[in-house]
Structures are given as C-alpha cells and as structure tokens.
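Me: Please take a close look at one strand. Then set that strand in its chain and go on to the rest, backbone included.

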Amino acid sequence: MTNPDVIVIGAGMVGAACALALTEAGMEVLVLDRSTIASGTSGAGEGNILVSDKEPGPELTLARRSRDLWFEISERIGGDFELEAKGSLVISRTSSGIAQLRHLADEQRNHFVEAIEVGSPELHDLEPYLAPEIAFGIHYPEDAQCQPMLATAHMLRMVRLAGGRVSEREEVLAISQAGNELSVRTIGGDHTAPFVVNAAGSWAGEVAALAGSALPIAPRRGFILVTAPAPKLVMHKVYDADYVANVASGEADLQSSAVVESTKSGTILIGASRERIGFDSHLEIAILRRLAAQAIALFPSLAKIDLLRAYHGFRPYAPDHLPVIGEDPLCPGLFHAAGHEGAGIGLAPATAELIRDAVLKKPSFMDPTPFSPRRFVASS
Amino acid sequence: MTQIRVILNGESITSREGQSVGALLLEHEQRATRTTRQNARPRGMFCGIGICFDCLITINGITNQRACVTNVEEGMTIQTQQGSGAIA
Amino acid sequence: MSTISTEQIVVVGGGPAGLAAATSLVRTGARVILIDAGERPGGQYWRHHAESSLAAKHEELRIIAHPNVEYLAKTNVWAATYRDGVSTLHLLIDGKVEREIRTRTLILATGAYDRSLPFPGWDLPGVMTAGGVQALLKGQKSLVGKEIVVAGTGPFLLPVAIGLIMAGVQVKAIVEASRPTAWFTKLGALTHNDGKLKDFITFQKIIFGAKVKIHYGSAIVAAQGSSCVEQVTLAKIDRKFVIKPGSDRQITCDALAVGWGFTPDLSLAVALGCASRIDPRDGSLVIDVDEHQETSVPGIYAAGEITGIGGSALALTEGRLAAANILKAQTEDLLRLRGKQQIFANALLDIYGVKNGWTTWQDEATVLCRCEEVSVGDLRKAIVELGVSDLRGAKLLTRAGMGMCQGRVCGQFVAEFVAKESGRQVALKDLQGFAKRPVITPIPLGLLAKGAER
Ligand SMILES: Cc1cc2nc3c(=O)[nH]c(=O)nc-3n(C[C@H](O)[C@H](O)[C@H](O)COP(=O)(O)OP(=O)(O)OC[C@H]3O[C@@H](n4cnc5c(N)ncnc54)[C@H](O)[C@@H]3O)c2cc1C
Ligand code: FES
C-alpha cells in the first residue's frame with residue numbers, strides 16, 4: 001500500500017506527460033500500467049505534432065499550446081527523443097480540394113498558424129521527389145514530430161528522478177472512494193491518493209467503469225507502413241488534403257490517405273488508415289495496398305523501395321472527436337485525460353497542463369469546458 | 001557454363017550463369033558489399049541464406065538487394081552501397 | 001494475381017520436412033503446391049549446386065518434377081492470413097510477381113537458420129555463420145576465405161570444416177564449446193541413431209588426417225581486423241560459457257565460420273495464428289504441434305525445425321507424419337521412429353547447449369543488433385535510464401530488432417541479454433512479440449500498390 005499525491009493510470013504518452021507536469025508541480029506521483037511503458041497506442045502509432053490538420057476551435061488552441069510546450073519540455077528534460085520541427089506540406093490535385101485547402105489555411109492564419117501557399121516550382125524545391133504533376137500545396141513550417149516511445153520514456157525518467165514511481169505490469173482492477181481520497185486496487189495491492197488521473201487511452205472507458213462512471217471511448221484502428229531504410233526522399237511530412245477530411249470523418253468504414261515522411265533512422269513511414277472495427281488485430285492486406293498506392297501517387301520513387309514492416313494501433317476516440325480532459329462528475333478526484341484519437345502524442349503536453357491546473361484548481365491557458373467529461377456523463 | 005557480363009562498380013567483368021552476386025564478389029576478393037548507415041562500417045555476407053540482410057548492395061539502381069540470394073544476369077550493374085545508397 | 005481452389009494441399013518449405021511431406025502426399029495421388037524460397041529444392045541440408053548429382057540419391061529431391069506437384073521456386077510467402085478455415089498465402093515470386101493462393105490444408109516446413117551470438121568484431125566482413133559458409137560452398141562452390149577458423153557448437157561444425165578441407169581451404173582450427181566428455185553421458189541416447197555416430201567417427205578421422213586441431217571447451221570470443229577479419233581470439237570457457245582468465249590467444253585467419261545451433265523461422269506460422277511455445281531444450285520459440293504434427297490452427301500442420309530443432313532425419317519423419325495424418329494413413333511406424341529420433345535430438349541439444357555466460361564476452365561497443373547498429377552500451381543505457389525490462393521495450397527504445405532482418409538474427413539473444421541485465425526471465429510474450437512479422441519478407445511498394453483496387 002502506498003500513499004502518493006496522485007496516481008496516474010496508464011504509462012502512455014498522455015499518462016507520462018501528466019505525470020511529468022504533476023511532478024514538476026511538486027506532487028509525488030505513482031504511475032501504474034498493466035503492461036510496460038508505451039505498450040498501448042503510444043507505441044503503435046507515429047509521432048506527428050500537427051497544427052496543420054486542425055480546424056479553428058478548441059482543439060487548435062490545445063494543439064498550438066502543445067506544440068510550444070513540446071519544445072520547452074525538450075529543453076528542460078533533455079534526452080534525445082528526436083523532436084524536430086520539420087514542417088508539413090499539404091497538397092491537393094483537384095480544384096475543389098485546392099479551394100478547400102486555401103479556405104482552411106486562411107482560417108488557420110487568423111488563428112496565428114503559419115501557413116504558406118506554394119505553387120510550382122517552389123513546391124518541388126521543397127520536395128524534389130514529389131510527383132511532378134502536383135502543383136499546389138500549403139507549407140506549415142510549425143508542424144513537428146518526435147519519437148513517442150522515447151518521449152514517453154524520457155518524461156517518466158524525469159518523474160522517477162524526482163522521486164515518483166512508475167510501476168509496470170500492475171493492472172488497475174477497481175477504483176473506489178475512501179473518505180476524501182480515492183482507493184485504487186491493483187493486482188499488486190491497494191494505493192490511495194487524493195487524485196487519480198485516467199490516462200488509459202483506448203481503454204479509458206473501462207477504467208472509468210471501474211470507478212462507477214462511464215466514458216464513450218472506442219478504438220479506431222490504424223495501419224502504418226514502414227519501408228526499408230532508403231535514401232532521403234521525403235523532406236517534410238507530406239500528405240494529401242483528403243487526410244483532413246478523413247480525420248474529421250465519422251464514417252465507420254475504412255478510410256485512408258497516406259501521410260509520408262522520412263525518419264531519422266532512414267526508414268520512410270506511410271500512415272495511416274482509419275477504421276472502426278473494435279480491437280481487431282487481423283492483417284488487412286487491402287489496406288497495405290491502398291496506402292502503398294497513395295504514397296506512390298505522392299512520391300513515384302517509392303515504387304522501387306521495399307515495404308519492410310506494417311503495424312497497427314488503436315486510436316482512442318470519442319464520438320465528437322474531441323479529447324476528454326477534466327474531472328469526472330460522478331467520481332470527484334478522478335480526472336480523465338483520454339480520447340485523443342490520432343493526435344494524442346501532439347496534444348499530450350497541453351493536456352497535461354490542463355490536468356495539472358484542474359487538479360490544483362488554477363486557471364489555465366484556455367477554457368477547458370469543451371473537453372469536459374460532462375458532455376458524456378451527467379452528474380448525479 | 002554460360003558466361004555473363006556484368007558491371008561491378010563501373011567495371012565490366014565476367015561471371016557465370018547461376019552465380020550469386022555474393023559469390024562473384026568473393027571471386028574478386030571483395031568481402032564488403034556496403035557500409036552501414038550510422039557508423040559507415042563495412043559489411044558483407046553473414047548468414048549466406050537470405051535471412052540477415054547484411055550483404056545489401058545496389059543492383060540495377062535498386063538499393064538493398066541481397067548479394068547472397070541474387071543471381072547475376074546479363075548486363076546487370078552492381079554497385080557497392082554506402083549507407084542507404086542513392087536514388088537512381 | 002490468381003487464386004486457386006482450396007482443394008489442393010500446400011506445402012511451404014522445400015527442405016527435408018517439406019519434401020518428405022510432398023512426396024508422401026503425391027504418392028497417393030494428392031495434388032500439391034510446393035513453395036520454396038530457394039532456387040533448387042533441398043533447403044539448407046540438401047543444398048546443392050546446379051551440376052550436383054544429389055537428386056539422384058534422394059527421391060524427395062526429384063518430386064518437384066512429379067505431374068501432381070506444382071513447384072514454385074524462388075518464391076516467398078510475404079504475407080499470410082487465416083480466416084474461416086482457409087489460409088491465404090500472398091506470394092512474391094522471384095521478387096517480381098505476386099500471386100495469391102488459398103488452401104484448407106497447409107503444411108509449414110519453413111526450417112531454421114544459424115543461431116548467432118554476439119561478440120566483439122562479429123560484424124566484420126569475413127565473419128559468417130557456419131551455415132552461410134556451407135551454403136556458399138554447397139550452392140556456389142565459393143569460398144569465403146583461404147584460412148578459415150570454424151567455431152561455435154554443434155554436430156554441424158565438423159561437416160562444415162570437412163567441406164572446407166575437401167575444397168582445399170586451410171582450416172586453422174575447429175573450436176567447439178562443448179567437451180567430448182559430454183558424449184559419454186549420452187551414449188544410450190546416441191545409439192538411437194548409429195548412422196550419425198558412424199559419421200561422427202569418420203569426420204574425426206578426416207580432421208585428424210588433415211592435421212586440424214579441435215579445441216574443445218573453447219570459443220572464439222572476439223574478431224579483429226580493419227576492413228575484414230584478420231585474426232580471432234580463442235579462449236577457454238567454463239561450463240557456463242564464461243571465459244577462463246588468461247586462456248586467450250590469437251589465431252590469424254581471413255575468415256571465421258561460426259554457428260551456435262539453429263533458430264527456427266516461425267514468421268509464417270505466427271502470421272497464420274499458430275500457437276507457439278518456448279522449447280526448454282534450447283530456449284528458442286517453436287510451433288506447438290500435437291501428436292499428428294497439427295498446429296493449434298485446424299488444417300495447418302508443421303514439420304521439421306519449426307517444431308523444435310531436431311535435424312534432417314527427424315524432419316523427414318515429421319514431414320511424412322504430417323502427410324500421413326492428412327491422408328488418414330497408418331502412422332504407427334512413423335510415430336515409433338519419431339520417438340527414437342527425438343531422443344537422439346534431445347541428447348544432441350543437451351550436449352551442445354548454449355549457456356548464458358556468453359553475455360560476458362562483449363564490451364560496451366559490441367554491436368548487438370547488426371541491422372540497426374545497436375551496441376551493448378546503447379541497450380544498457382536504455383535499461384538503466386529508461387527502465388527497459390523486456391524485448392518490446394528494447395525494440396521501441398533502442399531499435400534493436402527493427403532492422404531489415406526483423407530481429408531474426410538478434411531477437412533471441414537481445415531478449416536473453418535484457419532479461420539478464422534487468423534480472424528477469426525471458427518471457428514467452430517477448431519472443432512471440434518478436435516473431436510477429438506481418439510483412440514476412442520485404443516487397444517493393446510498387447508491386448504491392450499494383451494490387452490495390454483503386
Ligand atoms: C496508426 C496510428 C497513427 C498515429 N499517429 C499519431 C501522430 O502522428 N500524432 C499523434 O499525436 N498521435 C498519433 N496517433 C494517436 C496516438 O498514438 C494516441 O492518441 C496516443 O498514443 C494516446 O496515448 P494515451 O497515453 O492516451 O494511450 P496509450 O498509449 O494507449 O496508453 C494507455 C495505457 O494505459 C494502460 N492501461 C489500460 N488499462 C489499464 C488498467 N486497467 N490498469 C493499468 N493500466 C492500464 C495501457 O497498458 C496503456 O499503456 C496515432 C495512432 C495510431 C493508431
Ligand atoms: S540484427 Fe537486429 S534487426 Fe537484424
């Protein structure tokens with residue numbers, strides 16, 4: 001039995017960022033994970049930190065703050081987690097697509113996002129191997145990326161250095177009120193703390209249920225292709241504007257629109273599909289084919305490069321595609337930080353800041369109401 | 001046995017039908033097929049049966065081919081590879 | 001791309017197990033598709049050169065010409081799925097063409113490759129696996145060097161050395177980690193295969209005649225050289241494989257053939273969902289089969305090394321047994337033979353066991369993962385600073401196992417290394433996670449994209 005100030009359930013990117021923010025606020029933190037660090041979705045996706053795919057609204061505010069925090073954290077905690085502001089290039093081939101993209105960029109600019117329109121030949125100066133017929137793109141220099149498993153591990157390294165604990169292979173089985181505190185029962189015993197953070201990602205609904213509450217968080221599967229190490233072919237993150245439409249889509253059936261980028265290790269990542277079929281791990285070759293075709297449409301030279309690996313993860317999504325951040329109306333002391341769908345890496349630091357401020361009952365950089373669990377859980 | 005001409009690092013040499021690129025290189029006293037991506041260390045055939053992907057080499061402009069399981073073909077260009085190699 | 005009816009039996013792997021299965025099947029009139037990555041049938045054991053007369057000796061090698069056999073050489077199954085009793089295999093033929101086949105009855109005989117252990121300098125050109133040196137010699141009549149040291153452990157080292165001696169190579173030394181005394185404790189079991197025992201004695205005579213010294217209880221623990229291997233370090237090791245201080249000396253050579261037994265290649269079986277287990281005899285991950293060589297997936301059988309390392313004779317029997325069970329034929333004799341051969345295989349694995357003292361041979365700079373150039377120091381740092389405690393963590397945080405071989409070379413020993421350094425045991429989950437390779441062999445994106453519907 002231990003008595004920390006706060007218990008964080010889930011050692012993924014979001015849990016690690018929350019644990020770090022709370023540790024830096026002077027609290028003693030215990031992080032519990034039923035498996036090992038970054039063993040959930042954070043170890044099965046990509047590390048894009050994007051503002052380019054966000055429409056103006058609360059998520060964009062969160063994304064912009066988060067992007068800045070990423071660079072602050074990197075300065076502060078060191079450890080190389082491959083953070084790099086390589087920028088994105090969003091292209092479109094159709095006149096309707098171009099019009100939509102222009103419109104989105106205009107709106108984003110009004111919200112202080114840097115979005116630069118590029119036509120030919122500048123486009124091909126930025127991306128020499130881009131398909132020659134592509135003639136329109138928006139360059140978002142602020143878009144960045146990190147290696148999420150390393151980022152998670154380095155944040156948790158800081159938590160441990162400050163006296164916090166990270167307990168792996170310790171599954172949470174029950175959460176109950178114990179006086180003014182919450183008692184968390186695990187396979188290893190009981191822990192009590194005044195505050196508990198639910199950062200269980202795609203499994204956050206199950207954890208909420210353990211506390212007698214409910215969250216409608218479900219998995220949205222995504223496949224990613226990894227090529228063999230290749231010559232540097234792709235300079236930015238490059239994707240077709242269809243991607244933004246895909247991200248926002250509520251359709252259950254398969255969607256995909258390739259996002260292509262080179263990694264530090266020399267491989268090229270091609271992500272990602274989106275489909276809602278529960279926690280189904282079956283390999284779907286048709287998805288791999290489609291992603292390959294879309295990537296080649298952007299970069300014809302990819303045709304000669306080998307696919308080396310493919311993997312999938314389950315994005316945690318809420319019905320309205322916004323993360324759930326804030327205190328549970330039914331279980332005081334339990335704070336949710338989950339449901340970030342395809343943006344949990346990028347949004348983790350700002351989410352952690354909102355959680356920290358909510359726990360400390362301090363004003364935050366933005367009004368967190370749009371993310372409140374109250375939109376799904378009515379207080380009794 | 002049928003003689004085959006191939007180009008190894010820009011030089012035209014003779015090989016035999018059925019010979020693997022790896023065996024051809026050994027015949028020409030060349031052990032390394034490439035240098036590594038991070039530390040530029042020389043590497044050559046290791047497992048010899050297509051499992052380890054250490055004997056990578058550029059063949060006909062395509063990078064990362066395995067010398068041990070690729071047989072020579074008439075007119076083939078073989079280029080030892082630096083790191084990830086170059087785009088054809 | 002074409003799809004065939006699900007009535008044909010598909011055999012993957014053209015080594016002794018797969019060929020034996022195919023042979024038994026076609027004898028009764030069954031139709032078989034035989035898929036193999038090699039350019040000629042035979043696998044590693046029956047590997048032969050184009051002009052070799054080996055096929056005259058073994059009916060199994062000639063079965064590819066049988067009218068009921070469709071033989072696909074140079075063909076890799078690059079991906080596979082199993083649903084509702086049907087296995088779908090995605091084939092890559094000669095690296096150029098795709099084809100898809102489905103079957104309700106599948107025999108997996110994908111074999112094994114050399115097991116490696118890391119030591120300083122093992123990444124130098126000229127250091128090869130014993131199987132690799134053998135493959136070059138048998139398949140290509142090609143020699144990796146002129147002055148070669150043969151090292152590691154196992155009954156396989158002597159035939160490799162002899163092959164080299166016959167080819168005119170100066171074998172500078174044979175270095176065997178086990179001790180001859182180990183044989184005497186197993187004599188009972190070894191009589192289960194007197195053919196092999198006779199071979200062994202013949203081998204000893206040839207080696208003695210060639211004046212090649214066998215160093216028992218020893219290992220090559222380092223290799224040195226600038227652009228390729230120039231010398232190796234020979235040392236005596238104790239029964240746990242720890243180097244005996246002061247026992248080391250240098251041998252000059254231009255190549256090293258080193259093998260530590262074999263690692264089964266389970267990628268295809270795992271992709272199809274076949275259950276696996278850790279073989280307690282050598283710690284490798286193997287496919288779980290029942291008495292009938294059937295895996296946990298109905299209709300999928302496994303034979304040969306992927307069910308546990310056992311050598312070619314056992315592989316032949318297992319292949320025949322799988323076929324007999326598919327044909328609902330008599331199996332009593334085969335079962336009895338398999339039992340005897342297993343006793344022999346167990347004895348060999350015991351004599352030539354790898355002990356985890358090898359984890360003391362490295363320095364901080366020694367490469368563990370060859371593909372991604374992850375060193376011992378890199379891995380230690382991740383264990384100490386980032387709390388890595390399992391194979392998955394090692395992979396995600398150091399890239400060990402993320403390279404082009406997809407951890408086939410480094411997976412098992414990185415698991416053992418992490419386990420030892422973090423005070424844990426290698427877990428089944430560790431090895432199973434590593435064996436999961438949805439893309440079994442690389443395929444050009446262009447080819448993959450061709451099959452997209454739109
Ligand atoms: C294909 C794909 C691509 C993606 N690309 C990007 C991208 O480029 N950029 C981006 O920002 N996001 C991306 N994402 C999304 C991102 O990965 C997720 O939003 C993010 O990882 C969620 O982090 P998390 O910490 O909430 O969840 P997770 O990382 O899943 O962590 C949850 C943890 O909770 C633990 N847990 C669950 N139940 C319990 C319990 N009862 N007791 C104890 N522990 C428990 C789990 O073991 C797990 O470790 C992608 C996702 C996918 C699938
Ligand atoms: S040796 Fe580690 S992935 Fe190939």
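Reply: Start with strand β11 of chain C, residues 170-176. The strand is mostly covered, with 5 of its 7 residues buried. Buried means under 20% relative accessible area, exposed means over 50%, and partly exposed lies in between, for a 1.4 Å probe and protein chains only. Helices (H or I, at least four residues) and strands (E, at least two) are DSSP runs, numbered from the N terminus.

The partner is β10 of chain C, residues 147-153. The two strands run parallel and pair over 6 bridges. Pairing requires at least two DSSP bridges between the strands. One of the bridges links C:Val150 to C:Ile174, the latter in β11(C).

A word on the basis. This is a predicted model, in which local features need pLDDT of at least 70 and side-chain atom pairs count only at pLDDT 80 or more, while totals for chains, interfaces and linings use all residues. Residues are numbered from 1 along each chain as its sequence is written, chains are lettered from A and ligands numbered from 1 in the order in which they are written, and side-chain values use heavy atoms, with hydrogens and water left out.

Now the chain around that pair. Chain C holds 16 helices and 23 strands. Its radius of gyration is 22 Å, close to the 22 Å of the globule rule for 454 residues, so chain C is as compact as a globular protein of that length. That radius is taken over C-alpha atoms, and the rule is 2.2 Å times the number of residues to the power 0.38. The C-alpha trace spans about 65 × 55 × 40 Å along its principal axes. Of the 454 residues, 61% are buried. Among contacts with a separation of 6 or more, 66% come from residues 24 or more positions apart. A contact means heavy atoms within 4.5 Å.

Next, surface and charge. Chain C exposes about 17400 Å² of accessible surface, and carbon and sulfur atoms own 54% of it. Areas come from the Shrake-Rupley method with a 1.4 Å probe; for residues, only the protein chains shown count as cover. There are 51 positive and 44 negative side chains, and the centres of the two sets lie 3 Å apart. Lys and Arg count as positive, Asp and Glu as negative; His and the chain ends are not counted. Each charge is placed at NZ of Lys, CZ of Arg, CG of Asp or CD of Glu.

Now the backbone. Most residues other than glycine have a negative phi, and most peptide bonds are trans. C:Asp84 has a positive phi, near 50 degrees. This residue sits in the loop between β4 (75-83) and β5 (86-93) of chain C. C:Asp84 is exposed, at 72% relative accessible area. C:Asp94 also has a positive phi, near 55 degrees. Its loop runs between β5 and β6 (97-103) of chain C. C:Asp94 is partly exposed, at 36%.

Chain A supplies cis bonds. One joins A:Ser120 and A:Pro121, with omega about 0 degrees. A:Pro121 lies in the loop between β5 (116-119) and α4 (122-126) of chain A. Another runs from A:Gly271 to A:Ala272, with omega near -20 degrees. A:Ala272 belongs to strand β16 (residues 268-274) of chain A.

Last, chain B. It has 1 helix and 8 strands, ordered β-β-α-β-β-β-β-β-β from the N terminus. Its radius of gyration, 12 Å, agrees with the value near 12 Å for a compact globule of 88 residues. Of these residues, 57% are buried.
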